[in-house]
Amino acid sequence: MDNDSSVDIIYLFAFQQLKLDPGRLRPFESPLISFSGDWVYPKGIVTLMVMVGSYPRQLTCQLGFLMVDFPSSYNVIIRRPTLNPWKAATSTYCLKVKFPTKNGVGEVKGDQVLVRECYQVVLAAKENHTWMIKEKEEEKVEALETVELVDGEPIMTIRIRTTMSTNVKKKLVQFLKENLDIFVWSHEDMPSISTEIIQHRLNVDPEKKLVYQKR
């Protein structure tokens, strides 16, 4: 389970060990990229039923795994967006993952010896197992349109999506113009905020001398 990975991965070796039918793979065209810059194209995506924990405190769900032909000490990688709906709490120190179920708190416990062996192999081989889907350039930034909320005031502008319908755009702009008082255009527009609402402080020892550090 990797809190940094954004995709669920099953490696080719594990796919073959499970004796899964390659015909179950659905096409997946986007490449994956690791933090070190390695690229790999998945062989496809396969939906598998996954059970986590021990009966009766367990979760059962279907996950879509990208099948990757890439050397790894691991069988599968469970991503962060999958762990979040489970409300899972991970502890690398305790080698445990805990999550709520209808019958109490379920848990998965790692094997300390096996984890140490995998970790040593990962370091020796300099493996990368944290993957993200590489976005297409045109998908990274959506086109935005600048709209003046007050005619003749170039500072009082907002940017909205260009893909919304004309009717929705008209209603949105009208709504924002009717609520101009909530916008802050300069520091003078917000002279004071009560500390009962929000405040920021540095949690430092007041007896210590503060030192300004370089960036």
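Visitor: In which strand does Ile 45 lie?

Guide: In this predicted model, Ile 45 lies in strand E4, which covers residues 44-54.

Visitor: Why is Ile 45 called buried?

Guide: The relative accessibility of Ile 45 is 17%, and the cut-off for buried is under 20%, so Ile 45 counts as buried. Leaving aside neighbours within four places in sequence, Ile 45 is in contact with Arg 24, Leu 25, Arg 26, Pro 27, Phe 28, Gly 64, Phe 65 and Leu 66.

Visitor: How far apart are Ile 45 and Phe 15 in sequence and in space?

Guide: Ile 45 and Phe 15 are 30 residues apart in sequence, and 11 Å separate them in space, C-alpha to C-alpha.

Visitor: Which residues of the largest nonpolar core touch the most other members?

Guide: That core has 19 residues, and Ile 10, Phe 15, Val 46, Leu 63, Phe 65 and Trp 86 are the ones that touch the most other members. At least two residues of this core come from each of helix H1 (12-17), E4, E5, H2 and E8, and E5 gives the most, with 5 residues. Apart from this core lies another, of 10 residues, among them Val 7, Ile 9, Leu 32 and Ile 45.

Visitor: With which residues is Ile 10 in contact, leaving aside its neighbours within four places in sequence?

Guide: The contacts of Ile 10 include Phe 15, Val 46 and Phe 65, together with Leu 18, Leu 20, Leu 48 and Asn 75, when neighbours within four places in sequence are left aside.

Visitor: What makes E8 a partner of E7 and of E9?

Guide: Two strands pair if there are at least two bridges between them; E7 (residues 89-91) and E8 have 3 bridges in the antiparallel sense, and 6 bridges join E8 to E9 (residues 104-109), also antiparallel, so both pairs meet the cut-off. Ser 91 has Lys 96 in E8 as its bridge partner, while Thr 101 has Gly 104 in E9. E7 and E8 form a hairpin with 4 residues between them, and a hairpin through 2 residues joins E8 to E9.

Visitor: What is the phi of Leu 95, and why is this residue called partly exposed?

Guide: Leu 95 lies in the loop between E7 and E8, and its phi is near 55°, a positive value in a residue other than glycine. Most residues other than glycine have a negative phi.

Visitor: Why is Lys 87 called exposed?

Guide: Lys 87, in the loop between helix H2 (80-86) and E7, has a relative accessible area of 64%; exposed means over 50%, so Lys 87 is exposed. Lys 87 also has a positive phi, of about 60°, although it is not a glycine.

Visitor: How do you know that the peptide bond from Tyr 55 to Pro 56 is cis?

Guide: The omega of that bond is near 5°, and the bond is cis; Pro 56 lies in the loop between E4 and strand E5 (57-68).

Definitions and conventions:
Residues are numbered from 1 along each chain as its sequence is written. This is a predicted model: local features need pLDDT of at least 70, side-chain atom pairs count only at pLDDT 80 or more; totals for chains, interfaces and linings use all residues. Side-chain values use heavy atoms; hydrogens and water are left out. Buried means under 20% relative accessible area, exposed over 50%, partly exposed in between (1.4 Å probe, protein chains only). Contact means heavy atoms within 4.5 Å. A nonpolar core is a set of buried Ala, Val, Leu, Ile, Met, Phe, Trp, Tyr and Cys residues joined through side-chain atoms within 4.5 Å.
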